[in-house]
Amino acid sequence: MPDEIIDEGARAKKMADALKRGFKMLEDTCPRCGTPLFQKPNGEVVCVYCGIPIILVSSEEEAEEQKVRMRLIGIRDILSLKLEEMLRDFYPRESSVTMSASIREISEALLTVQKVIERLSRKKKEEKAYRH
Ligand SMILES: [Zn+2]
């Protein structure tokens with residue numbers, strides 16, 4: 001799957017840096033580049049090569065759910081950016097107009113996405129509480 005070219009030199013250097021900083025190397029590898037993942041002292045798991053945080057999950061199902069959630073969060077961010085943009089354009093000449101339909105539609109979509117994300121998060125918490 002890795003479609004980017006790995007700079008082995010940079011990778012080795014970044015891994016060495018991580019070790020020097022007291023990060024712990026894990027058995028899991030980055031889904032994007034295959035570099036071993038590191039756990040920071042604060043518990044966060046990162047790929048030092050991609051420079052992104054990684055969420056470790058225990059089952060296929062959980063991974064799938066996590067993926068959906070991340071995608072939704074991405075959609076939410078795009079929607080809220082778009083909405084912000086539209087509101088910025090809209091407000092200066094707001095005087096007479098009622099809120100445009102598209103602004104309302106985007107707001108509603110945003111709310112829906114937010115609700116789904118919250119539901120997924122809540123479900124996670126409940127599962128955790130149940131497991132303990
Ligand atoms: Zn990576």
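**Questions and answers**

Me: In the hairpin of S1 and S2, which residue takes a positive phi near 80°?
Reply: Strands here are DSSP runs of E with at least two residues, and helices are runs of H or I with at least four, both numbered from the N terminus. The hairpin of S1 and S2 has 6 residues between its strands. The residue with a positive phi near 80° is Gly34.

Me: What kind of model is this, and what pLDDT do local features need?
Reply: Residues are numbered from 1 along each chain as its sequence is written. The model is predicted: side-chain atom pairs count only at pLDDT 80 or more, totals for chains, interfaces and linings use all residues, and local features need pLDDT of at least 70.

Me: What pLDDT does the protein average?
Reply: pLDDT is the predictor's confidence in each residue, from 0 to 100. A score of at least 70 is reached by 81% of the residues. The average for the protein is 81.

Me: Where is confidence lowest, and where is it highest?
Reply: Where pLDDT is low, the predicted coordinates should not be read in detail. The lowest confidence is in helix H3 (residues 101-131), with a mean of 78. The highest, at 93, is in S3.

Me: How many bridges join S1 to S2?
Reply: Two strands pair if DSSP finds at least two bridges between them. S1 covers residues 24-29, S2 covers residues 36-39, and they run antiparallel. Thr29 stands opposite Pro36 in S2. The number of bridges joining S1 to S2 is 3.

Me: Which strands stand at the edges of the sheet?
Reply: The sheet is open, has 4 strands with antiparallel pairing, and its order is S1-S2-S3-S4. Each edge strand has a single partner strand, so one side of each is left without a neighbour in the sheet. The edge strands are S1 and S4 (52-53).

Me: Which residue stands opposite Ile52 in S4?
Reply: S3 (residues 45-47) and S4 pair in the antiparallel sense over 2 bridges. Opposite Ile52 stands Cys47.

Me: Which residues make up the largest nonpolar core?
Reply: A residue is buried if 20 or more other C-beta atoms lie within 10 Å of its own, exposed if 12 or fewer, and partly exposed in between, with C-beta atoms placed from the backbone. A nonpolar core is a set of buried Ala, Val, Leu, Ile, Met, Phe, Trp, Tyr and Cys residues joined through C-beta atoms within 7 Å. The largest has 6 residues: Ala18, Leu37, Phe38, Cys47, Val48 and Tyr49.

Me: What share of the protein's residues count as buried?
Reply: The protein has 132 residues. In H1, the count of buried residues among its 13 residues is 1. For the protein, the buried share is 6%.

Me: How far does H1 reach from its first C-alpha to its last?
Reply: H1 covers residues 8-20, which is 13 residues. The expected span is 1.5 Å times one less than the number of residues. That gives an expected 18 Å, and the reach is close to it, at 18 Å.

Me: Is Glu8 buried or exposed?
Reply: Glu8 has its place in helix H1. Its C-alpha atom is separated by 9.8 Å from that of Tyr49, 41 residues apart along the chain. Glu8 has 8 other C-beta atoms within 10 Å, so it is exposed.

Me: How many other C-beta atoms lie within 10 Å of Ser121?
Reply: Ser121 lies in helix H3. Ser121 is exposed, because the number of other C-beta atoms within 10 Å is 11.
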